Amino acid sequence: ERQFFLSDMAFEFIEMIISKTVLAPFIYIKLVFQLQPQLSLATSFSAYTDVYSLLYHTVANTGIRGLLAGNTMMLIRFPPHYLVTRYCRKHFHLPPPQGYIARLYAAIYRGLKDSVPALLIVYPLEFLRTYYVLLNTYSAQGGQALSSKHIDLSGDWIDVAFAVIGRYGCLALYEGFLVTLLSMTLFRIFYFILYDAMILIGRRQSSSRFPKTILISLISGLACYPLDTLRRRQMIEVTFGEGPCKSVWCLAMIIYSEGGIFAFFHGALFNIVAAVLRSL
């Protein structure tokens, strides 16, 4: 059993390295467009208006590796995330649900109990990945040192981690965590309702459910995308705003003032492309 466990883990790790590396440029572009409004307000950074300019400046100044910024954190997080998720899937089961509401609750529970414990461990890496993308993006425009009125950002992402912890404590690395939980919950709700609706209208009778599950995932992910933008902006509010965000609603209004409802969907197209490629 241990041999099978190790081989499964090794296989999934190799698969994850390949998929994360292929998708990293799309996630990089998505994060830049999500975060650049706040970065341009707080620094001398000039916001990109098109993908070509972003790619040109990134590759010209930081090389192809610049498009993989933050991917190392995703590789580091794999072992603890895999082990905790595997353990949770093996335990904490619910009895077979009866009725629509019970099945909805079970769907939410299964999604959260597999993800939340692991997320508690690896979330700081997600926080630091966001900053690593910012540091790389700023340097790609020729910025020598990313400045902040709160902490020193002149070093790499490890220096940022110690600077954030030193000023605000370890909990600052969990900025946006509650919004992430809300997003995960809503995603499970949307996915369950849409999938159940497909069953009710009889579309499940086709030969393959694969395109349908992709479509449902894309719609659910797009519906929750504003919360992803909100949590990312919460992360960088630690240094580029007024410290750790004290009001999520206030931050949401700031984002809304930058371009209306569409401001919450910056980078959504590249998130969709990455999600489709991930499903193939």
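This is a predicted model: local features need pLDDT of at least 70, side-chain atom pairs count only at pLDDT 80 or more; totals for chains, interfaces and linings use all residues.

Next I looked up the geometry: H4 covers residues 78-90, H5 covers residues 100-140, and the two pack at an angle of about 150° with axes 8 Å apart. Angles over 145 degrees count as roughly antiparallel, and H4 and H5 are therefore roughly antiparallel to each other.

Which residues make the contact? On the H4 side I listed Pro80, His81, Val84, Thr85, Cys88 and Arg89. From H5 come Lys113, Asp114, Pro117, Ala118, Ile121 and Val122. Sorting the residues of this contact gave me seven nonpolar, two polar and three charged.

Then I turned to the aromatic rings. My search of the whole structure returned 13 aromatic pairs. One of them is Tyr123 with Tyr174, a stacked pair with 5.9 Å centre to centre and 15° between the planes. Tyr123 sits in H5, while Tyr174 is in the loop between H6 (157-168) and H7 (177-200), so this pair ties together parts that are 51 residues apart in sequence.

Last, I checked the record. An unreviewed UniProt entry places the feature "transmembrane region" at residues 177-201 and 251-277. How much helix does the model show over residues 177-201? I noted 96% helix and 0% strand there, with the end C-alpha atoms 36 Å apart. For residues 251-277 I wrote down 63% helix and 0% strand, with 32 Å between the end C-alpha atoms.

Notes
Residues are numbered from 1 along each chain as its sequence is written. Side-chain values use heavy atoms; hydrogens and water are left out. Axes are lines fitted to C-alpha atoms, for helices over the stretch in contact, and angles run from 0 to 180 degrees between N-to-C directions. Helices (H or I, at least four residues) and strands (E, at least two) are DSSP runs, numbered from the N terminus. Angles under 35 degrees count as roughly parallel, over 145 as roughly antiparallel, 65 to 115 as roughly perpendicular and the rest as oblique. Contact means heavy atoms within 4.5 Å. Ala, Val, Leu, Ile, Met, Phe, Trp, Tyr, Cys and Pro count as nonpolar, Asp, Glu, Lys and Arg as charged, and the others, Gly among them, as polar. UniProt positions are given in the numbering used here, feature names are shortened, and annotations may be inferred rather than shown by experiment. Rings of Phe, Tyr and Trp (its six-membered ring) pair if their centres lie within 6.5 Å; planes under 30 degrees apart count as stacked, over 60 as edge-to-face and the rest as tilted.
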